[in-house]
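Visitor: Please give me a close look at one part of this model, and then show me how that part sits within the whole. I would rather have one connected account than a list.

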Amino acid sequence: MLEIVRQIRELVLSRWTNSQLHGISHWDRVYDYGKQLVAPGVDPLVVALFAYLHDSCRTGDGYDTSHGPRAAEWIDSLRETYLKPLSDEQIRLLKEACRLHTTTQKTGNPTVDACFDADRLDLWRADIIPDPEKMATKKGRMIAQETDYDALMDSIHS
């Protein structure tokens, strides 16, 4: 894991009460899915940071439609410290992915769309089988089609 990603992971973990739905296990799976979704045109650092920042400003596990926009705002406060090595374009993409991840299916930007799919591929944790047709990327559709979600859901319910 890159040092910057490790630092962000630790920072977010220190701010959030761990839970099954939106805690460290979810973020780590989003990180792993994100690595699988890297393709030409996808910035792997942005996707990795998204894994740990997209739910970082939730108020809890319940319905919270503003958590993505709050995460995007929080990214600005990290710009001169933790996120200093990122370019302006990487920051823009990271903020866009966080801001839109619960409201937008696809943007057409390979990096942002990979972020969306990395999160969606982990919906099974909430007893929602990811729909391949709702994935934003070709790789996301393929992973959703090939994954045995029944076995994954059984693993967390046993």
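Guide: His 26 is buried, with a relative accessible area of 0% (buried means under 20% relative accessible area, exposed over 50%, and partly exposed in between, with a 1.4 Å probe and protein chains only). The model is a predicted one, in which local features need pLDDT of at least 70 and side-chain atom pairs count only at pLDDT 80 or more, while totals for chains, interfaces and linings use all residues. Residues are numbered from 1 along each chain as its sequence is written, and side-chain values use heavy atoms, with hydrogens and water left out.

His 26 belongs to helix H2 (helices, H or I of at least four residues, and strands, E of at least two, are DSSP runs numbered from the N terminus). Although His 26 and Ala 51 are 25 residues apart along the chain, their C-alpha atoms are separated by 8.5 Å.

The helix that holds His 26 has a partner in helix H1: the axes of H1 (residues 3-15) and H2 (residues 24-36) come within 11 Å and cross at roughly 155 degrees. Here the axes are lines fitted to C-alpha atoms, for helices over the stretch in contact, and angles run from 0 to 180 degrees between N-to-C directions. H1 and H2 are therefore roughly antiparallel to each other (angles over 145 degrees count as roughly antiparallel, under 35 as roughly parallel, 65 to 115 as roughly perpendicular and the rest as oblique). The crossing of H1 and H2 is right-handed, a term used when the near helix is turned clockwise from the far one by less than a right angle.

Which residues of H1 and H2 make the contact? On the H1 side they are Val 5, Arg 9, Val 12 and Leu 13, and on the H2 side they are Ile 24, Trp 27, Asp 28 and Tyr 31, where contact means heavy atoms within 4.5 Å. By class, the residues of this contact divide into six nonpolar, no polar and two charged (Ala, Val, Leu, Ile, Met, Phe, Trp, Tyr, Cys and Pro count as nonpolar, Asp, Glu, Lys and Arg as charged, and the others, Gly among them, as polar).

Arg 9 and Asp 28 also meet through their side chains in a salt bridge, at 2.9 Å from N to O (a side-chain nitrogen of Lys or Arg within 4 Å of a carboxyl oxygen of Asp or Glu). Since Arg 9 lies in helix H1 and Asp 28 in helix H2, the pair ties together parts that are 19 residues apart in sequence. Arg 9 is buried, at a relative accessible area of 17%, whereas Asp 28 is partly exposed, at 22%. Salt bridges that share partners join Arg 9 and Asp 28 with Glu 10 into one network.

Helix H2 takes part in a further link of this kind through Arg 29, which forms a salt bridge with Asp 122, the closest N and O atoms being 2.6 Å apart. Asp 122 lies in the loop between helix H6 (110-120) and helix H7 (138-146), so this pair ties together parts that are 93 residues apart in sequence. Both partners, Asp 122 and Arg 29, are buried.

Arg 120 is buried at 13% relative accessible area, and Asp 117 counts as buried at 0%. Across the whole structure, a search finds 12 salt bridges.

Returning to helix H1, Arg 15 is found there and is partly exposed, with a relative accessible area of 44%. Arg 15 and Ser 56 are 41 residues apart in sequence, and 7.9 Å apart from C-alpha to C-alpha. Lys 84 sits in the loop between helix H4 (67-78) and helix H5 (88-100) and is exposed, at 51% relative accessible area.

As for the setting, the secondary structure of the chain comes to eight helices and zero strands. Buried residues make up 50% of its 158 residues, and of the contacts with a separation of 6 or more, 59% are between residues 24 or more positions apart.
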